[in-house]
Amino acid sequence: MQAYVVGGAVRDELLGLPVVDRDWVVVGATPEEMAAAGYKPVGRDFPVFLHPATHEEYALARTERKSGRGYKGFTLYSAPDVKLEDDLARRDLTINAMARDEEGRLIDPFGGEADARAGLLRHVGEAFSEDPVRILRVARFAARFRFKVAPQTLELMRGMVSGGEADFLVAERVWQEFARGLLEAHPQEMFRVLEACGALARLAPELQAILAGPSRDVLFAALERAAAEGAPLPVRFAMLAWFAGGECEAAFNALGARLRAPMEERELAQLACRCRAGIVEGAHAEAAGLLAVLKNADAFRRKERFEGLLLAASLSAPETAVGAQRLRAGLHAASAIDAGAIAGSVSSPAEIPGAIDAARLAAVRGALNRQDFR
């Protein structure tokens with residue numbers, strides 16, 4: 001039995017990046033031998049075990065054979081006669097198809113080290129085209145490392161899209177990879193790759209429409225700012241909506257539903273569509289205009305969400321900074337009024353909403369008069 005560190009740990013070490021997790025491949029062993037050695041079985045689809053001391057994952061070497069459409073249409077084979085190179089050959093990219101033995105020697109049958117140093121994402125073999133998730137993974141690695149996609153690999157990806165293989169991707173997996181790519185250091189590179197291979201138009205036509213418009217370069221610069229600032233995922237998703245024109249709310253409602261995006265991301269994107277004009281005008285709006293934005297965004301009940309909206313706005317369009325300051329000041333002042341006392345001071349319940357609005361408006365107006373926004 002021989003064990004090898006494989007995949008991302010080897011790649012990241014070569015790139016001088018921190019190694020967070022180490023995955024191992026075991027050659028020459030059976031599940032029974034692993035269990036007898038104290039390893040805890042955890043794999044459902046194929047034999048994976050946790051080391052009894054380190055709790056790192058050890059998978060038995062395996063091969064895959066295409067047996068159906070989509071990313072689940074595979075028959076797996078794992079046995080002691082599967083060699084390390086057989087296991088590495090089933091992987092997606094050469095930079096992920098390297099291993100180190102227990103003495104630290106690099107095993108690199110497909111040229112992954114050279115591709116890593118050249119900043120190139122290149123597929124290992126023609127079997128790459130059998131799994132449509134790999135389209136998304138390539139785009140995500142482009143967003144992480146800012147590597148270029150090899151021409152042959154990009155052509156293979158185009159063929160997968162035009163051949164309908166990408167249509168078998170389930171929404172949850174698309175969102176998972178999409179969200180991870182948005183959170184990488186260079187999220188705009190994910191969109192470049194997905195657009196270049198045709199997958200973006202197939203999976204997210206609303207986003208393809210944005211990239212086809214005049215705001216493309218501005219959006220990409222904004223996403224780079226968001227990554228540099230460490231903006232959370234809902235904010236980055238809302239920034240995409242910020243640059244959508246026309247029927248923005250309808251488009252992002254459809255996109256969020258199709259990708260089955262979490263409600264937090266959907267809600268913030270919808271707010272970006274609904275409140276964009278008000279935030280842009282916030283630098284010069286009167287108190288009544290600012291209060292209208294606060295009410296439209298439900299800012300009094302959902303202050304944290306509103307702050308996320310303002311962050312998305314300021315990252316998307318730095319010129320909205322003054323408007324965001326004025327809205328924050330207005331929200332703080334209007335939130336300080338005693339709604340209960342106001343409700344008790346009017347003669348009928350029907351007068352309560354108007355009285356609260358009037359008090360809030362006065363508070364916002366006072367905040368604007370007291371502060372110098374610049």
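Cys197 has a relative accessible area of 4% in this predicted model, and Cys197 is therefore buried, the cut-off being under 20%. Cys275 is likewise buried, with a relative accessible area of 2%. The cysteine sulfur closest to that of Cys275 belongs to Cys273, at 9.7 Å. A disulfide requires sulfur atoms within 2.5 Å, so the separation between Cys275 and Cys273 is too far for a bond.

The structure holds 1 disulfide. A disulfide is a covalent bond between the sulfur atoms of two cysteines. Since Cys248 lies in helix 13 (residues 248-259) and Cys273 in helix 14 (residues 263-280), the pair ties together parts that are 25 residues apart in sequence. The torsion about the S-S bond of Cys248 and Cys273 is about -55 degrees, and the disulfide is therefore left-handed. Both partners are buried: Cys248 has a relative accessibility of 7%, and Cys273 has a relative accessible area of 16%.

The strands may be taken next. Strand 1 (residues 2-6) is mostly covered, as 4 of its 5 residues are buried. Strand 1 runs antiparallel to strand 2 (residues 23-27), to which 5 bridges join it. Strand 1 also pairs with strand 8 (residues 99-100) in the antiparallel sense, over 2 bridges. Val6 takes part in both pairings: Val6 stands opposite Asp23 in strand 2, and the bridge partner of Val6 in strand 8 is Ala99.

Key:
Residues are numbered from 1 along each chain as its sequence is written. This is a predicted model: local features need pLDDT of at least 70, side-chain atom pairs count only at pLDDT 80 or more; totals for chains, interfaces and linings use all residues. Side-chain values use heavy atoms; hydrogens and water are left out. Buried means under 20% relative accessible area, exposed over 50%, partly exposed in between (1.4 Å probe, protein chains only). Two strands pair if DSSP finds at least two bridges between them.
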